[in-house]
Amino acid sequence: MGTIGSLKTELSNRGFLAILVPLFLINHFFMFEKSLAGTVNNPSLNYTKYDHVLSYVRLSRIQKHLTKINKSPVFTIESPDGDIIDCVHKRKQPALDHPLLKNHTIQQVGPKMPKMMKMVTTQEMRDYSNNNSSGPRPRDVTVSQIWHKKGQRCPKGTVPIRRSMVKDVVRAKSLYDYGKKKHGMVQLKTRIDAPDIVSGNGHEHAIAYIGTSEEIYGAKATINVWNPEVEKVNEFSLSQIWVLSGSFDGSDLNSIEAGWQVSPELYGDTNPRLFTYWTSDAYQSTGCYNLLCSGFIQTNSRIAIGAAIAPLSSFEGNQFDITILIWKDPKLGNWWMSFGDNTLIGYWPAELFTHLAGRASMVEWGGEVVNSRPDGAHTRTQMGSGYFADNGFKKASYFRNLEIVDSENSLTSAKDLSTLAENSNCYDIKSSYNNEWGTHFYYGGPGKSPKCP
């Protein structure tokens with residue numbers, strides 16, 4: 001099979017595929033590509049097997065699309081988890097293909113970071129943990145990415161991009177759907193007046209949110225990372241920040257999102273991965289995950305969006321978390337993202353948005369899953385750790401130190417927080433406040449259970 005795959009690639013690169021390869025050989029390697037697409041790195045997932053060959057026309061369209069988004073690398077790194085990380089010159093990255101960014105100049109100097117609130121020191125965390133069995137514990141291990149394990153890094157002046165494969169696209173419903181979020185966000189009015197209504201398309205949330213008459217220019221949180229079970233390949237489980245503006249009941253909603261997710265359909269495995277998303281038209285046609293379309297401009301050479309992260313939190317064991325900050329550059333208006341200890345990842349250019357070209361009107365923090373109900377019953381797809389909020393520290397998943405960026409480019413603790421669990425028998429949320437974690441909450445759940453049929 002490896003020989004056939006190499007032959008296919010070589011002939012395809014030379015443009016002779018349709019002429020020189022006999023039809024039976026074309027069908028043979030098309031079926032090979034298809035069989036690769038029908039598997040993920042978790043045999044327990046009930047993935048529908050493909051029983052037909054991938055047509056030459058469809059394969060040609062997929063390859064054309066991959067040629068567009070997989071830019072020629074300066075250097076390539078093979079990750080232990082099977083990912084291929086391409087180090088692409090930052091001026092050749094997919095973002096700049098966007099028609100609104102034809103004249104965009106990459107911002108070379110990072111924006112001024114929001115003024116920080118008093119940070120909790122490791123000693124303060126240790127003192128707190130000595131007196132509070134449910135409180136935080138200091139962590140000596142920094143969350144990193146699996147592709148770093150071989151010690152290889154992308155050269156200066158390049159950005160790491162996870163390479164997309166034919167099998168990745170085939171797992172999607174269609175080429176158009178590849179990298180898109182089929183969102184089921186309910187209207188804000190529904191969220192307030194009828195919190196028990198489950199949103200459309202099988203999407204279920206457990207979130208905290210803040211909408212205020214004050215101007216919002218960003219949001220921050222620290223999220224611990226788990227490996228929730230995702231029962232069906234077309235489902236996902238994620239934990240993220242949403243920065244929003246526009247109307248929930250129309251087609252003009254602008255959203256910037258970042259966090260971690262498990263999505264077998266998108267990535268072909270069940271590893272938790274760092275992800276981003278954006279849309280300027282309520283998920284209809286604009287935007288995508290990560291760098292799977294043009295838009296987000298990456299500036300960092302060490303963090304690959306869409307790559308797996310490690311280590312992970314464990315039940316009644318060590319807890320590991322990531323810190324994400326999204327905020328608007330007060331001078332140039334681009335929306336920047338930082339990861340971990342103020343590491344700048346890149347930015348969403350202001351040109352991409354309508355409402356977010358100004359400011360945000362709402363921020364949300366929390367979890368989201370897709371429940372496909374294939375047999376009329378809820379699936380076992382978990383949110384967060386898979387445990388309900390009441391289980392607390394070391395058992396339930398958490399968001400801590402929730403903050404917003406104000407008009408003075410300062411971080412302030414999120415106040416007047418509202419919470420919503422659309423299907424609280426399956427996933428719930430419980431918020432609180434203390435001096436060490438500021439505004440925080442526990443959230444999550446197991447999916448299908450005696451409470452959640």
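Visitor: How many residues lie between the two strands of the hairpin, and which residue in the turn has a positive phi?

Guide: E1 and E2 form the hairpin, with five residues between them. Glycine 82 in the turn has a positive phi of about 100°. Helices (H or I, at least four residues) and strands (E, at least two) are DSSP runs, numbered from the N terminus. This is a predicted model, in which local features need pLDDT of at least 70 and side-chain atom pairs count only at pLDDT 80 or more, while totals for chains, interfaces and linings use all residues. Residues are numbered from 1 along each chain as its sequence is written, and side-chain values use heavy atoms, with hydrogens and water left out.

Visitor: How many helices and strands are in the chain?

Guide: The chain has eight helices and 20 strands.

Visitor: In what order do the three strands of the open sheet with E1 stand?

Guide: Two strands pair if DSSP finds at least two bridges between them. Here the order is E1-E2-E4, with antiparallel pairing. Strand E1 (75–78) and strand E4 (158–162) are the edge strands, each pairing on one side only. On average, neighbouring strands of this sheet are turned by 25° against each other, direction ignored. Such angles are taken between axes, which are lines fitted to C-alpha atoms (for helices over the stretch in contact), and run from 0 to 180 degrees between N-to-C directions.

Visitor: How many bridges join each pair in it?

Guide: E1 and E2 pair over four bridges. Strand E2 (residues 84–89) and E4 pair over five bridges. Aspartate 86 of E2 stands opposite threonine 76, and its bridge partner in E4 is isoleucine 161. Cysteine 87 stands opposite proline 160 in E4.

Visitor: Is E4 enclosed or open to the outside?

Guide: Buried means under 20% relative accessible area, exposed over 50%, and partly exposed in between (1.4 Å probe, protein chains only). Five of the five residues of E4 are buried, so the strand is largely enclosed by the rest of the structure. In a regular strand the side chains alternate between the two faces of the sheet. Both faces of E4 are covered, with Thr158, Pro160 and Arg162 buried on one side and Val159 and Ile161 buried on the other.

Visitor: What is the strand order in the open sheet of six strands?

Guide: The order is E9-E8-E7-E15-E5-E18, and the pairing is antiparallel. Strand E9 (273–279) and strand E18 (418–421) stand at the edges with a single partner strand each, so one side of each has no neighbour in the sheet. Strand E5 (residues 203–216) is joined to E18 by four bridges. In that pair, tyrosine 209 has serine 418 of E18 as its bridge partner.

Visitor: Which residues have the most contacts inside the largest nonpolar core?

Guide: In soluble globular proteins, nonpolar side chains tend to be buried together. A nonpolar core is a set of buried Ala, Val, Leu, Ile, Met, Phe, Trp, Tyr and Cys residues joined through side-chain atoms within 4.5 Å. The largest one has 86 residues, and those with the most contacts inside it are Val243, Trp260, Ile322, Ile324, Trp335, Trp348 and Trp365. A second, separate core of ten residues includes Ile106, Tyr217, Trp327 and Tyr347. Of the 453 residues of the chain, 56% count as buried.

Visitor: How many salt bridges does a search of the whole structure find?

Guide: A salt bridge is a side-chain nitrogen of Lys or Arg within 4 Å of a carboxyl oxygen of Asp or Glu. The search finds 15. Glutamate 231 forms one with lysine 232, the closest N and O atoms being 4.0 Å apart. Glutamate 231 also meets arginine 380 in a salt bridge (3.7 Å, N to O).

Visitor: Why does the pair of glutamate 231 and arginine 380 tie together separate parts of the sequence?

Guide: Glutamate 231 lies in the loop between strand E6 (218–224) and strand E7 (237–245), and arginine 380 in the loop between strand E15 (360–370) and strand E16 (397–405), so the pair ties together parts that are 149 residues apart in sequence. Glutamate 231 is buried at 15% relative accessible area, whereas arginine 380 is partly exposed at 40%. Lysine 232 counts as buried at 13%.
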